[in-house]
Amino acid sequence: MEVMDVDIAEAGPSTSAVVTNLTEESTGSQTTTVKSDLNTPWIEKYRPKTFSDIVGNEETVLRLEKFSSCGNVPNIIIAGPPGVGKTTTILALARILLGSAFKEAVLELNASSDRGIETVRNKIKMFAQQKVTLPPGRHKIIILDEADSMTDGAQQALRRTMELWSNTTRFALACNNSDKIIEAIQSRCAMLRYGKLSDQEIMTQLLKVCKIEGVSYSADGLEAVVFTSQGDMRQALNNLQSTWNGFKHVDSTNVFKVCDEPHPLLIKEMLLECVDQNISKAYKIMAHLWKLGYAPEDIIVNIFRVAKHLEIKESLKLKFIMEIGQVHIRIVGGLNSLLQLSALLAKLCTLSATTEK
Ligand SMILES: Nc1ncnc2c1ncn2[C@@H]1O[C@H](COP(=O)(O)OP(=O)(O)O)[C@@H](O)[C@H]1O
Ligand SMILES: [Mg+2]
């Protein structure tokens with residue numbers, strides 16, 4: 001079950017493609033094999049190959065760069081939200097450390113591979129025992145991507161293995177949630193944390209890609225892509241590419257059509273109606289969104305995102321956000337009716353009436 005969850009939520013169908021790509025690529029030299037193939041997903045085409053191309057999280061990347069330059073890298077765990085460059089970083093690290101030996105000296109196991117106790121025992125053991133000629137002072141690397149989807153049992157099997165082969169092998173783990181990695185493994189690794197990328201960082205990367213690909217865009221279009229991506233570079237690039245492929249022009253209307261999210265301007269209007277205590281107008285917008293068929297969870301998430309940036313008095317905004325959070329909990333708990341969302345509007349109107357402006 002757990003394995004499936006992660007596959008869908010994060011890696012999607014591209015996971016296995018990544019693995020094959022890599023093995024092919026690593027046989028060659030450093031030259032990037034960028035094909036101007038329409039079908040290449042941009043997330044792969046623009047996957048950074050070196051540390052300097054990785055956007056954001058500068059301090060952590062710098063730390064890794066130091067590790068890699070002295071050669072003696074500890075076991076590491078990179079934890080952070082999806083699409084911020086965890087897998088990319090580990091692959092870049094392995095490439096820098098191992099160079100042309102990448103193919104023989106790296107074992108990559110991700111959530112789509114079988115990672116039960118047996119695999120951990122056998123595959124990792126076999127790999128760790130293999131003799132590979134490496135540059136002096138370097139180690140073989142075992143990459144466990146999406147490690148938080150490994151069962152506790154498999155992780156337990158790993159801890160001993162980690163120590164047993166420590167003079168020939170290093171482990172690099174990536175996960176979304178470091179809580180799901182057992183303590184015993186955490187204490188054997190250096191923990192590096194990645195945060196979400198800032199809007200500015202994503203925007204810069206989008207502009208770069210737009211320039212290379214010759215994408216026709218408007219400023220509000222790119223802002224919409226940044227808004228929908230919420231600090232996730234993978235999502236940003238995917239949304240940009242889908243909009244470009246689908247409409248041949250990236251403006252906000254097209255972006256929200258592709259991403260199938262309620263338009264934030266509409267939501268902003270709705271919230272401002274609540275500030276003016278105009279419940280019927282606010283409800284009209286909500287009913288419209290409901291009729292369009294958006295999922296209640298998508299609606300509430302977007303209400304929150306918009307509310308965060310609403311230009312109203314801070315004290316009122318805090319009350320709004322608290323109320324939105326309460327309704328979010330209810331929706332996630334299963335009370336996901338239009339009634340709940342309408343009640344939220346009524347509550348916001350009341351809050352606005354009782355808070356001095
Ligand atoms: N920090 C980053 N800088 C540049 N591109 C990034 C960054 N993070 C993610 N990307 C883009 O998103 C894609 C997926 O990133 P990945 O490293 O697989 O994310 P995850 O953190 O989920 O493992 C990369 O191929 C790259 O195109
Ligand atoms: Mg990843």
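Before the sheet, one definition: two strands are taken to pair if DSSP finds at least two bridges between them. In general terms, strands of a sheet pair through backbone hydrogen bonds, either parallel or antiparallel. Please also keep in mind that this is a predicted model.

Now the sheet. Five strands make up an open sheet, and their order is S2-S3-S4-S1-S5, with parallel pairing. Which strands stand at the edges? They are strand S2, residues 106-109, and strand S5, residues 190-193; each has a single partner strand, so one side of each is left without a neighbour in the sheet. Ignoring direction, neighbouring strands here are turned by 15° against each other on average.

S2 pairs with strand S3, residues 140-144, in the parallel sense over four bridges. For Glu108, the bridge partner in S3 is Ile143.

Helix H4, residues 58-70, lies across S5 and strand S1, which covers 76-79. The angle of H4 to S5 is about 145°.

Next, a pair of helices. Two packed helices are described by the angle between their axes and the distance between the axes. For helix H12, residues 233-247, and helix H13, residues 252-259, the angle is about 105° and the axes are 9 Å apart. Angles of 65 to 115 degrees count as roughly perpendicular, so H12 is roughly perpendicular to H13. On the H12 side, the residues in contact are Asn239, Ser242, Thr243 and Phe247. They meet Asn254, Val255, Lys257, Val258 and Cys259 in H13. By class, this contact has four nonpolar, four polar and one charged residues.

The largest pocket has a volume of about 590 Å³. Its lining counts 22 residues, and those nearest the centre are Glu223, Phe227, Pro264, Arg305 and His309. Two or more lining residues come from each of helix H11 (219-229), H13, helix H14 (264-275) and helix H16 (296-308). Which helix gives the most to this lining? That is H11, with five residues. The lining of the pocket has nine nonpolar, five polar and eight charged residues.

Last, the cavities. How many of 30 Å³ or more does the structure hold? There are four. The largest cavity has a volume of about 310 Å³. Of its 20 lining residues, Pro48, Gly83, Gly85, Thr88 and Met233 are closest to the centre. Helix H3 (42-45), helix H5 (86-98) and H12 each supply at least two residues of that lining. Here the division is nine nonpolar, five polar and six charged.

That is the tour; I will take questions now.

Note on methods
Residues numbered from 1 in each chain as written. Chains lettered and ligands numbered in written order. Predicted model: local features only at pLDDT ≥ 70, side-chain atom pairs only at ≥ 80, totals over all residues. Heavy atoms only, no water. Axes fitted to C-alpha atoms, helices over the stretch in contact; angles between N-to-C directions. Parallel < 35°, antiparallel > 145°, perpendicular 65-115°, else oblique. Contact = heavy atoms within 4.5 Å. Nonpolar A, V, L, I, M, F, W, Y, C, P; charged D, E, K, R; others polar. 1 Å grid on protein atoms, 1.4 Å probe; cavity = no way out; pocket = protein on both sides within 12 Å on 5 of 7 lines; lining within 4 Å. Points joined across faces, edges and corners; volume = space filled by probe spheres on them.
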